[in-house]
Amino acid sequence: MAVTFYDLSSASGLKKLDEYLLSRSYITGYQASKDDLTVYAALPTAPSAEYVNVSRWFKHIDALLRISGVSGEGSGVTVKGSFVAEPVATPPAADTKAAAAEDDDDDDVDLFGEETEEEKKAAEERAAAVKASGKKKESGKSSVLLDVKPWDDETDMKKLEEAVRSVSMEGLLWGASKLVPVGYGIKKLQVMLTIVDDLVSVDTLIEEHLTVEPINEYVQSCDIVAFNKI
């Protein structure tokens with residue numbers, strides 16, 4: 001069943017959306033979908049903390065766009081009366097200029113309001129984020145869990161983790177981590193990472209970065225615990 005929201009650039013529109021998200025994590029269904037992207041793109045700016053539920057949802061979708069993208073289809077959503085509308089054909093430049101000239105003759109009549117430069121810029125940035133999400137999905141991503149083992153119980157695990165996270169390359173994003181006891185006072189580092197499959201090879205990451213100088217001063221070996229396509 002399609003959901004409709006009205007004028008998300010206004011306080012009343014945000015209040016309705018906040019009430020709607022009170023008992024929901026996503027716009028429709030139980031996972032992030034294109035419906036969330038539609039509403040996300042319709043918001044001119046990040047919502048204030050006054051709208052607790054919208055703010056929570058917005059930060060979550062924003063994080064997904066930066067980390068893993070959004071691929072769910074959703075059930076359908078419509079946003080009306082907002083400055084970001086559903087895609088429509090763009091009129092030729094000449095027609096646009098002509099219309100603008102006519103509007104100049106009647107400046108005191110403004111039925112629908114006019115976008116500010118800040119709103120236009122925000123809309124362009126959100127549209128770019130949505131497009132980037134689609135590109136990320138097309139290239140393929142994977143979530144990986146690594147076991148990173150130290151040499152002995154005297155290895156400084158804080159420096160070990162700093163050394164591991166110092167590895168930086170395009171398509172690699174380090175995630176959450178924790179120390180796990182393995183016995184005799186020794187702990188190993190378990191760390192999550194997200195990779196773009198076309199850009200990062202986990203085997204290469206381990207063999208050419210994590211187990212060579214200077215990181216091998218702390219790291220004895222690395223094992224892949226879990227490898228899942230996103």
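**Rings and their surroundings**

A: Arg24 lies over the face of Tyr20, 3.9 Å from the ring centre (CZ of Arg or NZ of Lys within 6 Å of the centre and within 35 degrees of the ring normal). This is a predicted model: local features need pLDDT of at least 70, side-chain atom pairs count only at pLDDT 80 or more, and totals for chains, interfaces and linings use all residues. Residues are numbered from 1 along each chain as its sequence is written, and side-chain values use heavy atoms, without hydrogens and water.

There are 2 aromatic pairs (Phe, Tyr or six-membered Trp ring centres within 6.5 Å; planes under 30 degrees apart are stacked, over 60 edge-to-face, the rest tilted). Tyr20 pairs edge-to-face with Phe5, at 5.1 Å centre to centre and 85 degrees between the planes. Phe5 sits in strand S1 (residues 3-6) and Tyr20 in helix H1 (residues 11-20), so the pair ties together parts 15 residues apart in sequence (DSSP runs numbered from the N terminus: helices H or I, at least four residues; strands E, at least two). Both Phe5 and Tyr20 are buried (under 20% relative accessible area, 1.4 Å probe, protein chains only).

Tyr40 and Phe58 are stacked, at 4.9 Å centre to centre and 20 degrees between the planes. Tyr40 belongs to helix H2 (residues 34-42) and Phe58 to helix H3 (residues 52-67), so this pair links parts 18 residues apart in sequence. Tyr40 and Phe58 are buried too.

Now the core. The largest nonpolar core has 25 residues (buried Ala, Val, Leu, Ile, Met, Phe, Trp, Tyr and Cys joined through side-chain atoms within 4.5 Å). Phe5, Val39, Trp57 and Ile61 have the most contacts inside it. S1, H1, H2, H3 and strand S2 (77-80) each supply at least two residues of this core. H3 gives the most, with 6 residues.

Definitions and conventions: Buried < 20%, exposed > 50% of the residue type's maximum accessible area, 1.4 Å probe, protein only.
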